[in-house]
Amino acid sequence: MATTNGFVGTTRKVTAHLTQNEPLSFEKSSPGKKGYKLAPLDVPEVDATALLGSAARDTEPMLPELSEIEIIRHFTRLSTWNYAIDLGMYPLGSCTMKYNPRVNEFVSRLEGIAEAHPYQPERLSRGAMVIIKLLKDCLIEITGMDAIALHPAAGAHGEFTGILMTRAYHQSKGNPRKTIIIPDSAHGTNPATAASCGYQVVNLKSNAQGGVDVAALAQMVNEDTAALMLTNPSTIGVFEGEIHKIADVLHDKGALLYMDGANMNALVGKTRPGDFGVDVMHLNLHKTFSTPHGGGGPGCGPVACKQFLEPFLPIPFVTLGDDGLLHWSSDRPQTVGRVRMFYGNFGMFVRALAYILANGPDGLRQTTEDAVLNANYIRKKLEDVYELPYSTPSMHEVVFSDKRQTKNGVKTGDIAKRLIDYGFHPYTTSFPLIVPGALMIEPTESESREELDLFVDAMRQIAREVDENPELVTSAPHSTRISRLDETTAARKPILRWKGPETDTVEIDTAAKEW
Amino acid sequence: MRYLPKSDAERAAMLREIGAESIDDLFSVIPEEYRLTRDLNVPRQMGESEIIDYFKAAAEKNAQAYTSFLGAGAYHHYRPVIIDSLVQRGEFLTSYTPYQAEITQGTLQAIFEFQTMICELTGMDIANASMYDGSTGAAEAVMMAVRVTGRDDVLVARTTHPEYREVMHTYAQHQGHEAHEINYAPDGRIDLAALDEAVTDQTACVLVQSPNFFGIVEDIPAIADIAHEKGALLIVSIAEAVSLGIVRPPVEADIVSIEAQSFGVALSYGGPYCGVLAAKEKYLRQMPGRLVGETKDTEGRRGFVLTLSTREQHIRREKATSNICTNQALVALMTTIFLTVYGKQGMRELALQNLAKAKYAADALGKYGKLLFAKTPRFHEFVLQTEETPSRMNARLMEKKIIGGLDLRKWYPELGNATLWCATELTTKQQIDAAAAIVAEISVASAAR
C-alpha cells in the first residue's frame, strides 16, 4: 500500500493472499516430456515424406513439452490471476456480466449435442433442430418481432447481418440508400458495422437528457437514410421515451429503425422492441441470456426482424416440412446470403435456451426488475458523491462522471483501478463518449444486497480517498500481482509472441524469469 | 427464481430506500402503451432436473453411437479431458475481455501463448487473439489484403470450402471488391495455369485452402510465386489445423487464416469454433481483432496487455479495420490447452496417425469405387467416386449405424457420384473395414450384373 498520509479506506470484501508465479508454458518446457498418450495405431504406419513429398513438414513447431500435472497447474495458476463473476460483482457497463448457470454447461456437453456434426443427416439432427426451433420461438416472443436468424457469432456480427438486410431491403425497392444515422452515444461497433456494409455514417448529437433529439433527427432523415442504429435503453441506461416518434420519423421517409439489443436485460418481460416500432435488431445471448463471456467470447448475436424483412434473413434456416418434420432450407431468394459457415454458435443456443427454461416467464420478468432495481439502488447510494450528468431515470445501468474527482486530479480510470483493491472488477470507464470521464455501472440482477452494499461502501471510501489522499488512487491498484502496465511501449514496440532461445536444448532458468 | 439472490423483503426495502413505491415506478419511463402487462408466452419455469431431461431427450434425437466419416470443415478428434476441466474454472469461464490487465493476467498470458503457438505452427510472424471462425476469418483476411494492396480484385480457389466461399461473397458484396473463382486441375489442386492467367496487377490477393476441400495439400510455393510476381498477397486458409503437425507450414503466405476447431473443440453442430488470423509482421497495422502484447509494469515486472487497439472499433469507430469486438476467447483457450497437451512431438505423432488412418481408409474404400486425385498428396480426407448414388450408399451405411462420406454433388456436380470421406485418429480399422464391406456389396453386385 502506498505510504501517503491521509485517509486509506478499509477493504471489507477482500484480504490479500498469495498467488503463485508461473512462467510461459514455453519457458517450463523440457524436451521429451509428454502430456498425451495416443492409442496404438491399428493400421499400417506410413512415411510422411513418401506420401506428402515436398509438402511434408521438415521443421518442428516450438510447442511446449510438459506433463499433465504441469499443464493443470499452469492453467490453474493463470486462472487465479483473473477476476470473474464467480468471484464477485463485475459491474462492467454494457456487458451484462450476470451469473452463468452451470446447468447450461452441463447440457451443452451431452453427447448427442456436443458430438453432433454439422453435416450429419437431417434425420439424425432433429434434436438440434428442435432446440433451434424452440429458442427461435422464445426469442421472437421476447422481442415481439416476427422472424429471427441465430447465425451471427457475436453482437457486432449481428449488427453486420441486420444492416446487410437493411441494405438488401432498400435495394429491393430500387435504391440501397447511402447513410446510416448513429447517435454519438453508440457503441463503436455501430459505425464500424455501417462502414463495412458500404454506408456513410451520419453522427446524431444527443440531446440535453442524453437521448435522441427527435427534432434534430427529423431534420436529418431523408431519402438517403437507410436506417437509424439505436441502442435502447441507451448507453447511459435511459429508455428512449419518444421511441415511437423516432420510429415514425424514420418510417415517414422509408428508413428503418435498427435496435442494438445490447441492453435487452432492461426490457425482457416488461416491453418488447417489436411493439415500439423496431424493424430489425440483434440480441447478445452472452449478455442477456447468460451464455458465458469466457474472457472475451464466444458470443452469439441473433438478428430478429419484422415480417417484411424476413425474405432477407441469412441462410440456411429451419423450416417445418409437409411431412411434419423440421428441415434445413436455403430457399430464400432475396437472402443476404450466408454470414458464417454452418448454423451459428449452436453451443450457445443450447445454453441460452437452458437459461430461458430455468426462468420461465415469471423468472425472466423478475430478472429484469431486479437488474433495474440494483442499478437504481447504486444510483441512489452514490449520487451524492459522484456526479450524475443526466438526471433522467436509469434502467439497468447508471452512468456517473468523474467531474468532482478530477478537481483532485483523479480520473475515472484511477477510480476503476482503486476499485480493484476493494475486491471488485471495475465498471466500464470513459464510455459512453458523450459523458466526459464516464463511470458506467451495470450491476445486473445477479448481485445480492450485501454485495451491492459492499460496492457502494467501496465507491464511497474511494471518493473520500480522492478528497483526502488522491495519490493513493492515482497510483492504484496496490494489491495486484502487477501494477499498471506500460501500454505505450507495448504499442510502440509490439512484442506479440514469445521468442525462444536459438536452440531448444538450452536449459532455461525459469526462476530467474519469474516476477 | 433460483438465480436471483434476493428475498421479497429485501426488494421491498431497497425500493423504499430508492424512494419508489413499487417496482413499476422504475419502469414508468416506458410509455404505457408499450408496457407488457401479460406473461411472455415461453415455457414455464423448469426445475434443473427437467431442464436436463429436456436436453437429454433432444440429444437422443440426434445421432448417438454412430461411426462417422464426415469432415469437410468440422473434424472429430480426441479432446483431452483436462481441456474441459480447465475451461470450466469460473476464473476463465466467467471473466470478460481483459481490458483491466491487472486482474486478467491469466487470460492475457494464455492468449499470448496462443498467439505464439499459432505463429509457430503457421510460420507467420504475428497472430491475433481469435476471429469468429474459419469462414469469417477468411472473409476478414480478404478485406485485410484489399486494404494492404489498395486493389480490389480477389481470386479464390474453387476448392476452398463452399461455405467459406459463400461467406466471403456475403462480406465482399458491399466492400467494392469482387471475387473470382479459379477452378482445380485434374490433380485436384488449383489450376496453376488458369491462376497465372487470372492474376493481374489489379489482383489484391489469391486465397487458397490447404489442405483443400478435397483433402489435398496445395503447392503453396508455386501459388505464392504466381501471386507475388504481380504484387498480390497470398492468403492460405486452413480448415483442418491438425494438418500443421505434418504438413509444411505455408511460410510463403502473407496471411494465414485458420479454423482451429480441430484443436480440442467439440463439433457442437457447427459452433462455437475458433478462427484466427496470422500474418507477416509488416501487415500488423491492418490486422483485425484483438492482440495481446508483452510489456512491463511500473516495477519492471513482465505483464501482458491488449495492445494496438487503435485498429479497433471502440477507438476508430467507422475507420476501424473490422467491426469485430467479442471474439472466441474461451475456445482459443481450449485450443491453447490442446496444443500444450500434445506439444511438439504429440502434434507430429497425432497428424501422422491421421495420415495413416486416411491412407488405410482410402485404400480400403478405393477398391470399391474410384479414388479421385489419387496421386496428389493429401492429409486425412479423400474423394471417392462410386457407381451408386451417394444417397443410396449412405442409406445402406446408415442401416449399420455408419455415416458415410459427404455428398459432393451439390457443389461439384461434375464429379458425379462423389463423396468426401474423412478418417482421423479416432477412426478404427474395424470401422473402416465395416464401411468398406458395406460399400463393397453394391459394387460386387453391379459388377455381376
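This is a predicted model: local features need pLDDT of at least 70, side-chain atom pairs count only at pLDDT 80 or more; totals for chains, interfaces and linings use all residues.
1. A residue is buried if 20 or more other C-beta atoms lie within 10 Å of its own. Leu195(B) has 21 C-beta neighbours inside 10 Å, and it therefore counts as buried.

2. Leu195(B) sits in helix H8 of chain B, which covers residues 192–198. Which residues does Leu195(B) contact once its neighbours within four places in sequence are left aside? They are Leu155(B), Ile182(B), Ile190(B), Val206(B), Ile223(B) and Ile226(B). From Leu195(B) to Gly137(B) the separation is 58 residues in sequence and 23 Å in space, taken C-alpha to C-alpha.

3. Chain B as a whole has 449 residues, and buried residues make up 60% of them. Its secondary structure consists of 13 helices and 15 strands. The C-alpha trace of chain B spans about 85 × 55 × 50 Å along its principal axes.

4. Chain B has an open sheet of four strands, ordered E11-E12-E15-E14, with antiparallel pairing. Strand E11 (370–371) and strand E14 (406–407) of chain B are the edge strands, each pairing on one side only. In general, strands of a sheet pair through backbone hydrogen bonds, either parallel or antiparallel.

5. The pairing of E11(B) with strand E12 (residues 381–385) of chain B rests on two bridges, and these strands run antiparallel. Leu371(B) faces Leu384(B) in E12(B), while Lys370(B) is set opposite Gln385(B) of that strand. E12(B) and E15(B) are joined by five bridges and also run antiparallel. One pair to look at here is Val383(B) with its bridge partner Leu420(B) in E15(B).

6. How many of the five residues of E12(B) are buried? Four are, and the strand is mostly covered. H11(B) lies across E11, E12 and strand E15 (418–422) of chain B, and runs at about 5 degrees to E12(B).

7. Between the chains, 164 residues of chain B are in contact with 171 residues of chain A. H11 of chain B gives the most to the side of chain B that touches chain A, contributing 23 residues. By class, the residues on that side of chain B are 80 nonpolar, 49 polar and 35 charged.

8. A helix pair across the two chains can be examined in detail. Helix H11 (residues 346–382) of chain A and helix H2 (residues 48–61) of chain B have axes that come within 10 Å and cross at roughly 140 degrees. Because of that angle, H11(A) is oblique to H2(B). The cut-off matters here, because only angles over 145 count as roughly antiparallel. The crossing of these helices, H11(A) and H2(B), is right-handed.

9. Which residues make the contact of H11(A) with H2(B)? From H11(A) come Val350(A), Ala354(A), Leu357(A) and Ala358(A), and from H2(B) come Ile51(B), Tyr54(B) and Phe55(B). The contact of H11(A) with H2(B) has seven nonpolar residues, with no polar and no charged ones.

10. Some backbone geometry deserves a check. Most residues other than glycine have a negative phi, and most peptide bonds are trans. In chain A, the peptide bond from Asn232(A) to Pro233(A) is cis, with omega near -5 degrees. Pro233(A) lies in the loop between strand E4 (225–231) and helix H10 (243–252) of chain A. Gly297(A) and Pro298(A) are likewise joined by a cis peptide bond, with omega about 0 degrees. Pro298(A) is in the loop between strand E6 (280–282) and strand E7 (303–305) of chain A.

11. Ser94(A) is not a glycine, yet has a positive phi of about 80 degrees. The residue belongs to the loop between helix H3 (68–79) and helix H4 (102–108) of chain A. Ser94(A) is buried, because 22 other C-beta atoms lie within 10 Å.

12. Ser130(B), again not a glycine, has a positive phi of about 135 degrees. Ser130(B) is located in the loop between strand E2 (126–127) and helix H6 (134–149) of chain B. Is Ser130(B) buried or exposed? With 32 C-beta neighbours inside 10 Å, Ser130(B) counts as buried.

Key. Residues are numbered from 1 along each chain as its sequence is written. Chains are lettered from A and ligands numbered from 1 in the order in which they are written. Two residues are in contact if their C-beta atoms, placed from the backbone, lie within 7 Å. Ala, Val, Leu, Ile, Met, Phe, Trp, Tyr, Cys and Pro count as nonpolar, Asp, Glu, Lys and Arg as charged, and the others, Gly among them, as polar. Axes are lines fitted to C-alpha atoms, for helices over the stretch in contact, and angles run from 0 to 180 degrees between N-to-C directions. Angles under 35 degrees count as roughly parallel, over 145 as roughly antiparallel, 65 to 115 as roughly perpendicular and the rest as oblique. A crossing is left-handed if the near helix is turned anticlockwise from the far one by less than a right angle, and right-handed if clockwise. Two strands pair if DSSP finds at least two bridges between them. A residue is buried if 20 or more other C-beta atoms lie within 10 Å of its own, exposed if 12 or fewer, and partly exposed in between; C-beta atoms are placed from the backbone.
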